[in-house]
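Subject: Structure handover

Hello,

Here is the structure I promised to pass on. Please open it alongside this note, and my findings follow below.

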Amino acid sequence: MDVPLPHLDRPFDYLVPAELDPAAVPGSRVKVRFAGQLVDGWLLERVDSSDHPRLAYLEKVVSPEPVLAPEIARLARVVADRYAGNLADVLRLAVPPRHARIEKELRAAGDQPAAAPAAAAPDQPVAAPTAAVPDQPLAAPAAVDPAVDPRGWRDYPTGPALLRALTDGRAPRAVWSALAGEDWAARYADAVAATVAGGRGAVVVVADARDLDRLDAALTQLLGPGRHACLSAALGPARRYRAFLAARRGDVPVVIGTRAAMFAPVERLGLVAIWDDGDDLHAEPRAPYPHAREVLLTRAQLAGAGALVGGYARTAEAQLLLETGWAREVVADRATLRARTPAIAPTGDDPQLARDPGAATARLPSLAWTTARDTLRADAPVLVQVPRRGYLPSVSCADCRTPARCPHCAGPLALRSADAPPACRWCGRIAAGYACPECGGRRLRAAVTGARRTAEELGRAFPGVPVRTSGREEVLTTVPGGAGLVIATPGAEPVAEGGYGAVLLLDSWALLTRADLRAGEETLRRWLSAAALARPAPAGGRVVVVADGALAPVQALLRWDAAWFAARELAERRELGFPPAMKMASLTGPADAVADLLAAARLPEDAEVLGPVPADEDRERMLVRVPRARAGALAEALHSAAGQRSARKAAVPVRLQVDPLSLF
């Protein structure tokens, strides 16, 4: 039943009246009466008998369409158990809302719902897959089926073997580190085509609509139109439901999309893939907060399918897959790497400081300025990445440097343009008469410079050069050839025809000094994604990072060695007891409610309770840490405790998150 109460997170038995028997198929949406009310539900299984002597009848079959596939029901149960959540919450993420008009149109066109095979209830144990472990190493190149051209995968010694394994119906698991300038969408299309050539289907998840458009175009070119479906919440209810039904009915063998596609039903699943798994858009913001990478890897385990985790950077979670032997590495050799990588230089090392003593404090040191000037003179575009959008997203007192806060809500003040008064970023109130509470000063200075202010400054520094901005307000997808400046925030960098002649990475301190466990990892991910758009060094491509060259993320960028940095990060987290080396759960809520839940939870003996720390307003946060082997016991204990609280109708909820992206 679609009821968000932990103590009701189990299947219920109902009788099927004779008039509803033809339509009441497993996987269909139904309505049942529970506690005197009509509630929505999912028909999981039809059986001949029940252990309960008195049963109520189904009230209604909302639709005979079996939208919930048996394998997705099993997957949803496993995901709910892993994240200490409810099955109903996961099913709400897995199956889009019904669109009756689309079902009616399909029936009018003669399309019939897919047959719904009998399936065990999703809370029953799932047998371990027999084809989950790669049966052959990806150690050397292998010839592939003539129908599947390895093309760009030849730059990676084990790439052709990956395609051959997919074509042969095996289940290879790979972590792929992409080269600079790599057409990752074409490489993923190759892997999908190899899977389809082997008679199986594929699910590919990307972070945002821009990546989805690139992958959509690559698959259309390789497989032809109508061979795959796109799933994204941005499509709208009708288009999304039509695409979902196409996948559920087996009309297409491939589904691609944003995190909405991680539960997409695909017949004979042979490959699950995710691009740039470190992007925080892959984390679902709704309960039980699953991550697309973990859902896809769980699918691969349950279905015995192959798995591909790719990106320019590498997360500690992906590195753990390699170190535990769950996956194999797909990387280029050093000679190919040197030929494909742009020339990368920092501004904060000793030689640069000797030439330009102001480089340690300047926002645009001389090396960055001369690189941009020379590139523009060569009639090549320049990409400038800045971490913050807007004009001046943060200001402070010009006299005492105290951060300027809103007098009403204490939110940060910002300037939207050069002549706009300061306004609060939280409540939106104008603070035209702002006076510093510390010194009484009325003059403001920039604390953080945004993309639009950067575009304004560079436009004055390079008069006559076209300046474009790409960010949340306006996202560019491509940039035509010729000289020009492109100012972009991370994730919004457009692709330039022929690649950028230079890429400038500014305001590195704003990324590196964040109070976040993943600050270094996220910084390197954003830098590599931008630097990958530059031309190779032999073609004149240059990257300048405004940072000290001794920092570990900068060293990884200079060598284009995300694997080294990921191994270093994982080793440090293992030593400190942080994810993914350990499993952690976060409990957020009022102090009394959090204490009540912890008191009711039968935590594993080796669990460590850390905290409390302030969360927001009057709430606090507690962390529970256990070894990875005890992750299931921790999730079960927390879910059971939440069920006890909901059974006695505790008024104040506690937010439960397993493996939260942010710990601090």
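Start with Asp276, which lies in the loop between β8 and α8. Helices here are DSSP runs of H or I of at least four residues, strands are runs of E of at least two, and both are numbered from the N terminus. Before going on, please note that this is a predicted model: local features need pLDDT of at least 70, side-chain atom pairs count only at pLDDT 80 or more, and totals for chains, interfaces and linings use all residues. Residues are numbered from 1 along each chain as its sequence is written, and side-chain values use heavy atoms, with hydrogens and water left out.

Asp276 is not a glycine, yet its phi is positive, at about 55°. Asp276 is also buried, at 11% relative accessibility. Buried means under 20% relative accessible area, exposed means over 50%, and partly exposed is in between (1.4 Å probe, protein chains only).

Arg401 is another non-glycine residue with a positive phi, near 65°. Look for Arg401 in the loop between β13 (394-397) and β14 (413-414). Arg401 is partly exposed, with a relative accessible area of 47%.

There are cis peptide bonds to check as well. One runs from Ala287 to Pro288, with omega near 5°. Pro288 sits in the loop between β8 (269-275) and α8 (292-303). Another cis bond runs from Pro579 to Pro580, with omega near 5°. Pro580 is in the loop between α17 (562-576) and β23 (582-589). Why flag these spots? Most residues other than glycine have a negative phi, and most peptide bonds are trans.

**Arg525 and its surroundings**

Arg525 is in helix α15 (residues 519-531). Arg525 is buried, with a relative accessible area of 11%. Its side chain makes a polar contact of 2.9 Å with the side chain of Glu522. A polar contact is a pair of N or O atoms within 3.5 Å; within protein, one must be able to donate a hydrogen and the other to accept it, and residues adjacent in sequence count only if both atoms are side-chain atoms. Setting aside residues up to four places away in sequence, Arg525 touches Asp276, Gly278, Asp279 and Ala313. Contact means heavy atoms within 4.5 Å.

**Strand β9**

How many of the 6 residues of strand β9 (residues 306-311) are buried? The count is 6 of the 6, so β9 is largely enclosed by the rest of the structure. Both faces are covered. Gly306, Leu308 and Gly310 are buried on one side, and Ala307, Val309 and Gly311 on the other.

β9 pairs in the parallel sense with strand β4 (residues 173-177) over 5 bridges. Strands pair if DSSP finds at least two bridges between them. Trp176 has Gly310 in β9 as its bridge partner. β8 also pairs with β9 in the parallel sense, over 5 bridges. There, Leu271 stands opposite Gly306. β8, α8 and β9 make a right-handed β-α-β unit. Right-handed means that, with the strands pointing away from the viewer, the path from the first strand over the helix to the second runs clockwise.

**Helix α18**

In helix α18 (residues 591-600), the buried residues are Ala593, Val594, Leu597, Leu598 and Ala600. Seen down the axis, they fall within an arc of 165°, so they line one face of the helix. The arc is that of the directions from the helix axis to the C-beta atoms. The face turned away from the buried side carries the exposed residues Asp592 and Ala599. The buried residues of α18 pack against β23, β24 (608-614), β25 (620-627), α19 (631-647) and β26 (655-658).

**Cysteines**

How many disulfides are there? The count comes to 0, taking a disulfide as a pair of cysteine sulfur atoms within 2.5 Å. Cys424 is in no disulfide; the nearest cysteine sulfur, that of Cys409, is 3.4 Å away. Cys424 is buried, with a relative accessible area of 1%. Cys439 is in no disulfide either, and its nearest cysteine sulfur, that of Cys397, is 3.5 Å away. Cys439 is partly exposed, at 43% relative accessibility.

Best wishes
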